Amino acid sequence: MSTVKKLFIFDLDQTLVDSNVVLELRVKKKWSEVYKMISEISLYPNIKEIFELIKKSGHQIAIVTSSPKKYCEKILKYHDLEIKNVVGYHDTKNKKPHPEPILKAIINSGINKENVVSFGDNINDIIASNKANVVSVGCAWGLSDKTYDFKNEANQILSNTLELYY
């Protein structure tokens, strides 16, 4: 009996990594300065272990970010995370909350939409996931300093990375 392959799509900033240290530079699009600070962008607890578990289970991981792909790839390399399915800002005409970036990651994976779960910290992540007709999960662990705006839109809300295990 074969196991159904699933795709787990993650947003990058404030979902997988705490990038508040470079937020101002990112907003100003000073990417060369951001790149010099990659080592200061920290992975949230348990993310690496969860990714290993997902891969060992035969499932796929994608990252859909509103940041440039190069930025995402530098962070992944620094944290020794090998994810091939990355959809960045310049990879689609439409940006989140439009579903196009989510749909592109799904097409890249070859996995049926009914087997996709999408995780994000922002209302645009949740809206894009909902419009793509995939399960949307709001990630609140990086949002302690502000209220999260997706509580009425997300299919599920997680407050701690350990909840990803379930």
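This report walks through the overall build of one protein chain and then visits two of its residues.

The model is predicted, so local features need pLDDT of at least 70, side-chain atom pairs count only at pLDDT 80 or more, and totals for chains, interfaces and linings use all residues. Residues are numbered from 1 along each chain as its sequence is written, and side-chain values use heavy atoms, with hydrogens and water left out.

**The whole chain**

Let's start with the fold. The protein chain has 6 helices and 8 strands; helices (H or I, at least four residues) and strands (E, at least two) are DSSP runs, numbered from the N terminus. Read from the N terminus on, the order is β-β-α-α-β-α-β-α-β-α-β-α-β-β.

How does the radius of gyration fit the length of the chain? For 166 residues, a compact globule would come out near 15 Å, and the protein chain has 15 Å, which agrees. This radius is taken over C-alpha atoms, and the globule rule is 2.2 Å times the number of residues to the power 0.38. Along its principal axes, the C-alpha trace spans about 50 × 35 × 35 Å.

Of the 166 residues, 48% are buried, where buried means under 20% relative accessible area, exposed over 50%, and partly exposed in between (1.4 Å probe, protein chains only). Take contacts (heavy atoms within 4.5 Å) between residues at least 6 apart in sequence: 59% of them join residues at least 24 apart.

| Residue | Helix | Relative accessibility |
|---|---|---|
| Ser-109 | α5 (residues 100-109) | 10% |
| Ile-75 | α4 (residues 69-78) | 2% |

Is Ser-109 buried or exposed? At 10% relative accessibility, Ser-109 counts as buried. A polar atom of its side chain lies 2.6 Å from the backbone oxygen of Ile-106. Leaving aside neighbours within four places in sequence, Ser-109 is in contact with Leu-7, Gln-60 and Asn-85.

Ile-75 also counts as buried, because its relative accessibility is 2%. Which residues does Ile-75 touch, leaving aside its neighbours within four places in sequence? Ile-75 is in contact with Leu-12, Val-17, Ile-38 and Ile-41. From Ile-75 to Tyr-44 there are 31 residues in sequence and 12 Å in space, C-alpha to C-alpha.

Definitions and conventions:
A polar contact is a pair of N or O atoms within 3.5 Å; within protein, one must be able to donate a hydrogen and the other to accept it, and residues adjacent in sequence count only if both atoms are side-chain atoms.
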